[in-house]
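Here is a friendly tour of a few parts of one protein model. Take a look at the structure below, and then read on.

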Amino acid sequence: MHLYNTLTRQKEVLKPIQPGTVKMYVCGVTVYDLCHIGHARVMVVFDMITRYLRERGYDVVYVRNITDIDDKIIRRAEENGESMVQLTERMIAAMHEDEARLGVLRPDIEPRATAHIEDIIALVQKLEKKGYAYAADNGDVYYRVRKFENYGQLTNRKLDELQAGARVDVEDAKEDPLDFVLWKAAKPGEPSWTSPWGDGRPGWHIECSAMSTCCLGNTFDIHGGGPDLPFPHHENEIAQSEAATGQKYVNAWMYAGAVRVDQEKMSKSLGNFFTIRDVLETHDPEVIRYLLLGSHYRSSINYAESALHDARKSLERFYTALQGVTPVEDAAAVQQAGHWREDFHRVMDDDFNTPEALAVLFDLTRALNRAREAGDQPLAAALAFELKALGDILGLLQQDAEHFLKGGDTAKGSINPDVIETLIEKRLLAKQERNFAEADRIRQELEAQGILLKDTKDGTSWTRA
């Protein structure tokens, strides 16, 4: 298997530190609000990576943290008139509901920052003892960026090129504008913990260094996250962790691409900000998942109604082929008909190339349709089983075909299935009475509400457009 390592800027052979076991840490959500479609991309991408690594026989220890103490959390809780714990517990529960609907499996370990305060303090103490951290006059503790020789290695930035600005806070208490906070002195009314430097709370960057190394060790295989994290968050994680342990922090860094909305950056100020729940109000979760995997995980994707429409149409091709077929496992029959699993592995082994993997599934679908047309039910059943099995590795094609094609749970607010069936019966009666004008009127009435009819020798079926 090869994966793209952002640290080395090239594809590399996956060589786990512990043969057969992949240890992976992914930066999770800061739980001050509902998860948005950008969060969904990261969730789905690393869920896909975990599923595929397991398909290839690796034991995966997947850690994804929760940031449950942060400036944004404190402000939002105050705005809402609730405690920080009340807010974070509510948002964590909502996050779990959203990811479950998207078919995202829970990580093996889900550490929370507030449960690792002692580990964070111990890490800051170690950095202070080695001269990488210092307590300032304002009660905060900072990291000496210039002391770490390899700072900027992940994003190829040079210290002399980094200017104090939007991403670098300039404070009089710092020795250097580039230094960043490890421990924040307590402010009135804010949550705090006792520490050697006085009451306070951790900075954001130190939380992930502590949680990742506590869960996976000083060095582990893969660190992942969203496109906004390499600088400064992950540069700071590397600096903290490697200064403290004297060991390489992570072997490979992987990032999910950005989500753009109608070709623009997603932003609340632009009015194009969508939570996962917003999207699931009108679209089947599997359609969202297909859209998020339809492009290579490192590529940015465009979230638009036209893209969602295309994703649904693609899934309909799969489910139409599966409709009415009872899958039966028969590896020998599948192997005689083609080599789809081998092809699937080949493209996925090349840096998790999901677009090419989906192309393999479409090829398999065409073979399934040929078997159905030829009346070869045993082969059709075997190919249907293989299609669902390969789809499951991507978290797709696990619904009942009839349920998906009729809109599933996202059909709420539109015409009721019982009403549709009644109109189909009336249309059939009109055709039997040779009242073709009435039959056409009923078809047009249904089409106007997004219901497409298909007449076959076995009767009339319907799907939602």
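Nine of the nine residues of helix α8 are buried, so α8 is largely enclosed by the rest of the structure. Here, buried means under 20% relative accessible area, while exposed means over 50% and partly exposed lies in between (1.4 Å probe, protein chains only). Helices are DSSP runs of H or I with at least four residues, strands are E runs of at least two, and both are numbered from the N terminus. The buried residues of α8 include Pro285, Glu286, Arg289 and Tyr290.

Please keep in mind that this is a predicted model: local features need pLDDT of at least 70, side-chain atom pairs count only at pLDDT 80 or more, and totals for chains, interfaces and linings use all residues. Residues are numbered from 1 along each chain as its sequence is written, and side-chain values use heavy atoms, with hydrogens and water left out.

What does α12 pack against? The buried residues of α12 pack against α8 (285-293), and also against α1 (37-55), α9 (305-322), α11 (340-348) and α13 (377-393); contact means heavy atoms within 4.5 Å. Among the buried residues of α12 are Leu358, Leu361, Phe362 and Leu368. An α-helix has 3.6 residues a turn, so residues three or four places apart point the same way. Helix α12 (residues 354-373) has 20 residues and reaches 28 Å from its first C-alpha to its last, close to the expected 28 Å. That expected span is 1.5 Å times one less than the number of residues. Just after α12, Gly375 takes a positive phi of about 75°.

| Helix | Side-chain oxygen | Backbone nitrogen | Distance |
|---|---|---|---|
| α8 | Asp284 | Glu286 | within 2.8 Å |
| α12 | Asn353 | Glu356 | 3.3 Å |

Now for the strands. β12, β11 and β13 form an open sheet in the order β12-β11-β13, with mixed pairing. β12 (264-265) and β13 (301-303) stand at the edges with a single partner strand each, so one side of each has no neighbour in the sheet. Two strands pair if DSSP finds at least two bridges between them. Strand β11 (residues 259-261) runs antiparallel to β12, and two bridges join them. Arg260 has Lys265 in β12 as its bridge partner.

How many disulfides are there, if a disulfide is a pair of cysteine sulfur atoms within 2.5 Å? The count comes to zero. The sulfur of Cys27 is 3.8 Å from the closest cysteine sulfur, in Cys208, which is too far for a bond. Cys27 is buried, at 8% relative accessible area.

Note on methods: A polar contact is a pair of N or O atoms within 3.5 Å; within protein, one must be able to donate a hydrogen and the other to accept it, and residues adjacent in sequence count only if both atoms are side-chain atoms. A disulfide is a pair of cysteine sulfur atoms within 2.5 Å.
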